[in-house]
Amino acid sequence: MTTSLFADDRALVEKGKRVFYTNCISCHNRNPNLKGSIGPELIDAPLEIMQIKVITGRYPDVFPANFIAKRKTKAMKAFPMLKNDVPAIFAFIQSVKNK
């Protein structure tokens, strides 16, 4: 699936919005285009990075081409219980991306 296909799935986007607002905005901004109090803006995070970061709380050992971490801190805790929700979170974030 491409990024736009994720963002075009309204049910997935709505689920992602609920999960994001419930679990992510205490550190990240309500608007994923903006930096949060602790966490960076999320708009450019690839799905594969987001999956690893959400599940483990850490960045992968090797980044995808052209990806640069916005923050080097290790403040994020792991959310393994959200493993199956990461595609929905990603869909929501992509749906609000500033063009």
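Helices are DSSP runs of H or I with at least four residues, numbered from the N terminus. Helix α4 spans residues 86-95, and eight of its 10 residues are buried, so the helix is largely enclosed by the rest of the structure. Residues are numbered from 1 along each chain as its sequence is written. The model is predicted, with local features needing pLDDT of at least 70 and side-chain atom pairs counting only at pLDDT 80 or more, and side-chain values use heavy atoms, without hydrogens and water.

The largest nonpolar core contains 18 residues. Such a core is a set of buried Ala, Val, Leu, Ile, Met, Phe, Trp, Tyr and Cys residues joined through side-chain atoms within 4.5 Å. Phe20, Met50, Val54, Ile89 and Ile93 have the most contacts inside this core. Two or more residues come from each of α2 (10-23), α3 (47-56) and α4. Helix α4 gives the most, with six residues. Leaving aside residues up to four places away in sequence, Ile89 touches Gly16, Val19, Phe20 and Met50; contact means heavy atoms within 4.5 Å.

Helices α2 and α4 pack at an angle of about 100°, and their axes lie 7 Å apart. Axes are lines fitted to C-alpha atoms over the stretch in contact, and angles run from 0 to 180 degrees between N-to-C directions. The two helices are therefore roughly perpendicular (65 to 115 degrees).

Key: Buried means under 20% relative accessible area, exposed over 50%, partly exposed in between (1.4 Å probe, protein chains only). Angles under 35 degrees count as roughly parallel, over 145 as roughly antiparallel, 65 to 115 as roughly perpendicular and the rest as oblique.
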